[in-house]
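Dear colleague,

Please find below the structure that I am handing over to you. My findings follow directly after it.

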Amino acid sequence: MAKHRGRGVATINYPIGMNLGGDPSQALVHSNPTGKFTVTLSSIDLGQGMKSVTRQICAETLGVPVDDVYVDTADSDTGPHCMGSFASRGTHRVGNAVMAAAREARAVMMEAAAEELEVDPGDLETDGRGNIQVKGAPHRSISVRDVAIAAQFRQGKTISGRGIFLVPLSDVDPETGEMSPATCYAHACLVAEVEVDDETGEVAVLKMTSAYEIGRAINPKLVEQQLVGGSWMGMSHALYETPEPYYPNTRDGPRDFNEYLMPGPGDICPHDIIVLERPAPDGPFGAKGPGEMCANPVLPAVANAIYNAVGVRIDELPITPEKVLRALKARGGAPGSGRAR
Amino acid sequence: MSVTVKTFARLNEAASALSSERGAQFLGGGTLVMRAVNEADPSVATVIRSTDPGLQHLAVSSGRVELGAGVTMAAVLAERELAFLHPVARAVGGPAIRQAATVGGNLFAPSPYGDFAAALLALDATVMLAGGFGQRELPIEELLHRRERGNTLVSGVAFKRPAADSFRFSKVTRVHPKGISVLSIAAQLPMTSGRVAGARIAYGAMGQTPLRAKAAERALEGRALDADGIAPALAVAADGTSPVDDPIASAWWRREILPVHLRRLLLGAAHT
Amino acid sequence: MLEFRKDIFADERDDNLKEVGQPTQRQDMLGHVTGTSPYYDDHRFANLLHLKILRSPYAHARIRSIDDAAAARAPGVKRIIRAADVPVNLNTLLSLIQFGKDDEPSLASDVVRYKGEPILGVVATSERAALEALALVRVSYEQLPAVFDVEEALKPGAVSVNAVYPKNTFEYYGKYDHQKLRFGDVEAAFKQADAVLEDRYQMSPIEHAPAETNGSIAVPDTNGRVSVYTSTQALFFSLDTSAKINALPSNQLHFIGGTVGGGFGGKVDTMTEPLVILAARLTGAPVRYRFSRHEEMQFGSPRGAERIYIKDGVMKDGRIVARQVRAYFDSGAYTRLSSYAVVKCVAHIPGPYTIPNVHADVFCVFTNRTPATAMRGFGVTALDFALECQMDKDAVAIGMDPLEFRILNAYRDGDMKAHRRQAKNCALIECAQVVAEKASWPLRDEFRRMSSRQGGGEHRTGAAAERTRAPAPAVPAATPRPAPASPQRVSYERPAAAASPSAPPPTQAPAGSTHGAPRFSSVFGTRRR
Amino acid sequence: MKTPIQFQLNGEDVATFAESGANLLDVLREAVGDLSVKGGCWQGTCGTCTVLIDGAPRVSCVTLAETCAGKSIETAAGLRRGADLHPLQVAFVERFAAQCGYCTPGMLMAAKALLDRNPNPTRADVVDAIGGNICRCTGYEPIIQAVLDASRSNERRRA
């Protein structure tokens, strides 16, 4: 038996938000009478962290601690319209809408504070710890709590804001395909190292090294969740998954998790990830969206690594051991060893 | 209507109920029958179960092993004397499934399930049947041959304890640690003066039921377990098998890799 | 496991932030680890009824007759739901943004077009009672020939899958059977290329397999409204689709969701809400419609299969001078979102590279299989697989390191893309450089020095400058540089001779193009150029 | 036909009625109201509904409810001691070992079954212990790390 190692690489980019735009999201932000804020959305958190990312964006924009913000998602009676959680649009589209709403709320908050401190709103700043102070004179400050009480009970102001973010819809030229698909793109490069068993066609992914450029990591732990989980899904797409194992023939479709193949906890590999941040001009604090693109570079990187290991090209997904073995037999076995790289 | 569940203190009562009731199924660990019940499978109108302590019977002597049909994979793993079967029991599902999956149930698990049954086939197990008219025994081959006919209630299995290090098992899966079989191979390889004497080799997922590799057994007789010695056996490894395409693997791939994994098993490079 | 390279692009960032950039704990984590996060099925209602669906056993058949009398009399059955009960029994998801024609019934009445297509529903006091009643329904089918291969489906005389699109292709701009991309002149460039490589790529369908299957619960509310607890990924998408199919004003529906057990694109299609709302209104009781795992795997829409042909023209010096793509999206029996994926795919061609001549034709094709939908990386995942495998083959063909080959062709700020917009905010090269460093993948100095910024650094300056005279599809010239010593390394000189005299593409869309996109904008008003 | 059934749930006596042939998952959720147990397949193939019965991990969707009469059942709802999180819950939080959170209760119970039996597991032990539990979000690594962390915190407490 011979096992061959090889490395493969892929570089990709990914458009943020619905192609062509035209996918709005709205947000509402308001303070309760004691200076704690609620963000109201109809957006969905399906694990990607919508609630957490918008919470941090709102806190940063308002200038208050993240603990003073709570995000309420997905009630159509209270949350304003959002196109939905797909197309890596959550952080960029919803984040921008929340930012706009938070800016509007912050303006009212600063006015109310200015009235209490008898200064011009322009002379005030937030300290991020729940206080508003005069620039250069931090001893002249008032807590957000007292501002909210004053606004509600004395000034009759509502510390609240509305926000919408819309990338206007692009036209498409039917003859040339001229269009504006997206306003920003995330980027990635991934190197996969595999081991191929030339007697069975079985492929093991031994290591992944990647870099993802995502504009701005609003929360590095949530970014890590997406990139680690997403690269696992990429490995799964590359080597295991399909509900139609004999496509285009529809027979023998899996009906359960024993028959639908995905890598188990015993099939995963170490993965070194580097994150780059080149802020998107129209992203919230420059953020793009890591959610969808992270699986994409794994598929071709694994395919190219298999070629590097045993010299066969598998151009059909998933790259099952059967396909590898058939290709190896067709070319009369694997070369001596994987090309050094 | 909801299914009827009938519980019997004694297995032979359960056996007669099983043979008399229409659409009755015996509940082992539940991994097969409860799934069918959840899916409202019309072939399961009545679920028969028994609290007979004999189902949990587990006896290991120097010469003989007896396992009640209700003994779970977890129970096998908990028995140090059955270390040679641990790789087999561990190959059945995750820990939670092993707590449920039984020796008896595995005998009826449709391909590609039934890795433990393949091991029992290699061990030349005798199957005890419970019936209204008391116990009957039959060779495991016979049970596997007629199991589709249903209404058979197994009370337990017994087999000669294999000589030390003479039993080997290998399961090929796509998913680790828990995956169902591409194929599995169980082999009992008694050696006399460095030569194989009376090998029994069984495959899982290479046919409708676990089956013997009779050609390979014959080819191994009197041979040493080295590259040259096993070559004739590998050449006929797939004889008599009838693997099918399923969501896990194609018949072609199963046939292609069977000799490879048989070689690795015979040369001692088994992986489970 | 995760490291940041804050030094790169630092000059473009203000890192003086308090909350953004912090590894703050997820707001929902406590709920997750205590098992108290409220998924749609964690809401409890007295006397909950259960909806189960009869599905077609055939990929293509005419329904002769349906006899559900026995099912209606079965124990626990409260209501049979037939196609005739569905107020608006034809819809397409993107009708919300006026893209495409209504082509999919909620319940099939005359013809079934894929194995598993819903035909009839049973509402009963338990899931089991509903399933047992379904087993009593007798349907008489006349089996019809079916087509499963995208290219077979496009041949003359092929079986017609979907009556709304009889030619088996989605209709773009009211007249085209596919989406085009035309930039420069690929044929001229192929003639001059040192190497031309063509290959075929195929991705099978992929199931989202979320831990929680699709489902929803509809509860008749006071004052005639219906509250819907749902696993949807797009609350208003599902609300408006359900309102349309049930012919209800949207404010009669109250959708509650937002905590979902995984989606990955598989919970956008609104597969359960319209019928569960109908069931609740017809019975006046709360009703749950929860996909079984088997339904989720085989009959809930997957990421559709794609077949992609790529033809590349490459110069010995490493430049890709032409890329032609022909791709077929297997939409299954109905459109759902594949029509949109096709446009997104075209927008992604030729990948993150600057290629002066690009030509693409991408088809959304109907076949007799489960309708496809969006999934993580939608419209791009399979294309990236094909493009990046092709890039590897190109590099091998001209004896160049595959990573250096990518860096050389990578798009830089200011480059003109095939869809006629200037590239900006690029970072592909930097990603490649840091990975090469981390994985000890040897890169020569000039490639380590290259940059995504305007000009792209080093010898790309001339190239990028040339390119920015938009639109300039002709192969750009580069500042000549001496060939490196290494024999198997190729020269990066760009002889002017390599410039292809291809016709510049129009900078504007034909005046008054009044199809397709305008239909979008009639809803959304403003348009971008 | 409903049959009465009694068992202990997270230390409390529970008496309820189970539909004949009902699985434990449906009884816990629909009859008893313990919603911390999630259902993923009702086929015994995803491990999402894992609970402990007399200390052993079981897939509740293929466990006949009436076989649990008189037994002691543990679910994720019982992990917490008052306001204090179980060391496994703490470790899952610290490792960000949940995204959609749907498989998390089952993962926690599969992991608890391991640590109760083997306080100092190897990585391979952890991989085997969660081998029957499908997670579609995390790629498993954070979960494996969390379980290993929890075992170390066990050690700390014993020390």
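Predicted model: local features only at pLDDT ≥ 70, side-chain atom pairs only at ≥ 80, totals over all residues.

Residues are numbered from 1 along each chain as its sequence is written, and chains are lettered from A and ligands numbered from 1 in the order in which they are written.

Contacts between chains

Two residues are taken to be in contact if their C-beta atoms, placed from the backbone, lie within 7 Å. Between chain C and chain A, 116 residues of chain C and 109 residues of chain A take part. Helix H12 (residues 428–438) of chain C supplies the largest share of the chain C side, namely seven residues. Helices (at least four residues) and strands (at least two) are DSSP runs, numbered from the N terminus. That side of chain C has 60 nonpolar, 27 polar and 29 charged residues. In this classification, Ala, Val, Leu, Ile, Met, Phe, Trp, Tyr, Cys and Pro count as nonpolar, Asp, Glu, Lys and Arg as charged, and the others, Gly among them, as polar.

Strands pair if DSSP finds at least two bridges between them. Leu317(A) has Met203(C) as its bridge partner in E9(C).

The contact of chain A with chain D involves 15 residues from chain A and 19 residues from chain D. On the chain A side, six are nonpolar, seven polar and two charged.

Domains of chain C

Chain C is assigned domain 1 (179–206 + 303–498) and domain 2 (215–298); the bounds come from an automatic or database domain assignment. Eight residues from domain 1 of chain C meet six residues from domain 2 of chain C. The domain 1 side divides into three nonpolar, two polar and three charged residues.

Local features

Arg128(C) belongs to helix H3 (residues 127–134) of chain C. Arg128(C) counts as buried because 22 other C-beta atoms lie within 10 Å, the cut-off being 20 or more. Leaving aside neighbours within four places in sequence, Arg128(C) is in contact with Ser2(B) and Ala40(B).

In helix H2 (residues 87–94) of chain D, the buried residues are Pro87(D), Leu88(D), Gln89(D), Ala91(D) and Phe92(D). Just after H2(D), Phe96(D) has a positive phi of about 50 degrees.

With kind regards

Notes: Buried ≥ 20, exposed ≤ 12 C-beta atoms within 10 Å, placed from the backbone.
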